[in-house]
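The structure is shown first, and the notes follow by topic.

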Amino acid sequence: MGQQQQQENLTLLPMSSSSAAAAADAAAASSPAASAGRLFTAGLVASWYASNIGVLLLNKFLLSTYGFRYPVFLTACHMSACALLSYAAAPRAARPRRSRGQLARVALLGAVFCASVVAGNVSLRYLPVSFNQAVGATTPFFTAVLAYAVAARREACATYAALIPVVAGVVIATGGEPSFHLFGFIVCVGATAARALKTVLQGILLSSEEEKLNPMELLGYMAPVAVVLLIPATFIMERNVLTMVTALAREDPSFIWILLCNSSLAYFVNLTNFLVTKHTSPLTLQVLGNAKGAVAVVVSILIFRNPVTFMGMLGYGITVAGVVLYGEAKKRSK
């Protein structure tokens with residue numbers, strides 16, 4: 001009987017330790033430090049959403065509703081703000097020295113990055129934000145195609161199969177888009193492909209551990225390259241832009257503040273994206289990214305009142321579902 005009681009006590013002890021550990025974990029999760037951490041992460045996500053959706057809607061407002069039809073100049077403003085704020089955040093003297101070869105590769109990435117942003121802004125002149133986001137959601141498709149074409153990098157069959165709904169959804173959305181514009185659609189597809197090409201080239205050109213840069217460091221090097229390319233392009237393609245900016249500033253002083261706010265937001269989009277990536281898991285980031293696109297679509301429809309159809313929304317939903325499946329397939333194949 002005494003031996004049986006002793007065995008019961010021994011079996012109860014681990015359960016008590018387990019309960020104590022669970023209680024300790026629960027206490028740690030509900031501690032002020034943990035609560036503050038969750039609030040900080042939530043604030044970062046909210047800032048990421050606000051800056052990303054804000055710059056998208058302001059671009060649409062300036063280029064379409066306001067009538068400021070100078071997307072190259074607008075992109076130059078964005079890149080100038082990114083260059084200045086990146087330098088303010090990390091002065092060049094505080095940065096590690098880079099080899100000429102690495103700087104040349106970064107310059108190439110900067111040129112591709114610049115082309116993608118210009119094309120994206122041009123497309124907003126002709127397409128509603130909702131359709132622009134639907135086309136932009138096909139980035140994984142172009143990334144997979146270009147990774148195979150440029151680097152001969154193959155994915156698993158399940159990963160390629162997941163891209164079928166990504167493309168099918170855009171085809172359905174295109175057929176159901178009442179504000180469809182062929183030139184805007186072609187430019188938007190080009191912008192999406194350029195973003196994918198930049199991702200692929202970044203993986204090839206900056207693949208070694210010594211050459212890898214975090215997104216904010218890369219932006220600090222790419223933005224000045226974009227400014228150097230965009231300033232002459234602005235004066236060649238949009239010759240009367242300075243006259244128009246001066247006239248608009250005289251007629252409406254708030255125009256300059258809108259332009260400055262829009263340009264600053266372009267930098268904070270990259271900053272908040274970097275911070276959210278740092279403080280969340282890849283899965284959480286993927287879910288948040290998909291949700292962000294949906295929020296941008298809803299907000300843009302509420303603000304700009306662009307007509308939408310059931311087929312358009314269905315197509316966008318299928319594309320987003322395909323992107324989710326693609327992410328899951330890539331995760332399983334690793």
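Phe61, Tyr66, Phe68, Tyr70, Phe73 and Phe255 are joined into a cluster by ring pairs; rings of Phe, Tyr and Trp (its six-membered ring) pair if their centres lie within 6.5 Å. The model is predicted: local features need pLDDT of at least 70, side-chain atom pairs count only at pLDDT 80 or more, and totals for chains, interfaces and linings use all residues. Residues are numbered from 1 along each chain as its sequence is written, and side-chain values use heavy atoms, with hydrogens and water left out.

**Aromatic pairs**
- The whole structure holds 12 aromatic pairs.
- Tyrosine 66 and phenylalanine 255 are stacked, because their ring centres are 5.6 Å apart and their planes lie at 20° (stacked is under 30 degrees, edge-to-face over 60, tilted the rest).
- This pair links distant parts of the chain, 189 residues apart: tyrosine 66 is in the loop between helix 2 (32-65) and helix 3 (71-89), and phenylalanine 255 is in helix 11 (residues 254-279). Helices are DSSP runs of H or I with at least four residues, numbered from the N terminus.
- Phenylalanine 255 is buried at 0% relative accessibility, whereas tyrosine 66 is partly exposed at 23% (buried is under 20% relative accessible area, exposed over 50%, partly exposed in between; 1.4 Å probe, protein chains only).

**Surface**
- Leucine 182, in helix 8 (residues 182-205), is exposed, with a relative accessible area of 54%.

**Cysteines**
- The structure has zero disulfides (pairs of cysteine sulfur atoms within 2.5 Å).
- Cysteine 114 is buried at 6% relative accessibility, and cysteine 261 is partly exposed at 41%.

How values were computed: Helix = DSSP H or I, 4+ residues; strand = E, 2+ residues; numbered from the N terminus.
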